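Colleague: Could you take one part of this model and walk me through it slowly? I'd like the local details and the cut-offs behind your terms.

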Amino acid sequence: TIDHMLRATWQAVAKSYNEQAAKHDSTMAMAMALLYIDSKQGTPSTALGPSMGMEATSLSRTLNSLEERGLIYREKNPEDGRSVLVKLTDQGLEKRDISKASVFEFNQAVRDNISKEKIDHFFEVTELINELINQRTIFKD
């Protein structure tokens with residue numbers, strides 16, 4: 001089924017990224033968080049979860065792990081005292097670059113082995129599936 005192929009493919013991608021991250025004493029979730037944090041300004045912690053598609057408890061655990069490893073730090077948002085900015089340390093920036101290189105390597109390997117036309121169709125199909133889900137037209141009441 002379509003949902004099975006999506007799930008199986010994502011599980012394979014996640015396993016691949018986790019294996020790569022493990023080589024750098026990390027996880028895919030940690031690497032992904034580093035990529036979503038603005039390297040210059042920092043990112044409000046409340047903005048990370050939704051942009052990453054991660055639940056608050058998982059995000060909190062991930063940020064705590066990153067902080068314990070000295071890859072991020074948190075400071076009060078000068079523009080909004082109620083929120084916290086998550087910022088990268090120098091070591092966090094280095095790990096972010098490693099994560100970025102891995103994402104580029106993955107994408108390049110896929111592009112080297114699959115035609116542009118097929119990749120364009122893949123994006124078209126996944127965008128349409130997301131539209132159907134967001135419009136709530138798949139499951140009828």
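**From a loop to the sheet**

Modeller: Let's start with D25, which lies in the loop between α1 (2–22) and α2 (28–36). Helices (H or I, at least four residues) and strands (E, at least two) are DSSP runs, numbered from the N terminus. Before going on: this is a predicted model, so local features need pLDDT of at least 70 and side-chain atom pairs count only at pLDDT 80 or more, while totals for chains, interfaces and linings use all residues. Residues are numbered from 1 along each chain as its sequence is written, and side-chain values use heavy atoms, with hydrogens and water left out.

Back to D25: its phi is near 55 degrees, a positive value in a residue other than glycine. D25 counts as exposed because its relative accessibility is 58%. For that label, buried means under 20% relative accessible area, exposed over 50%, and partly exposed in between (1.4 Å probe, protein chains only). R136, in the segment after α6, also has a positive phi near 55 degrees without being glycine, and at 71% it counts as exposed.

Now K95, which belongs to helix α5 (residues 90–113). With 24% relative accessibility, K95 is classed as partly exposed. Leaving out residues up to four places away in sequence, K95 touches H24, L34 and L71; contact here means heavy atoms within 4.5 Å. K95 and M30 are 65 residues apart along the chain, yet their C-alpha atoms are separated by 9.7 Å.

Two strands pair if DSSP finds at least two bridges between them. In general, strands of a sheet pair through backbone hydrogen bonds, either parallel or antiparallel.

Take the two pairings in turn. β1 is joined to β3 (residues 80–88) by two bridges, and these strands run antiparallel. On that side, P44 stands opposite L85 in β3. β2 and β3 share six bridges, again in the antiparallel sense, and I72 has L88 in β3 as its bridge partner. β2 and β3 also form a hairpin, with two residues between them.
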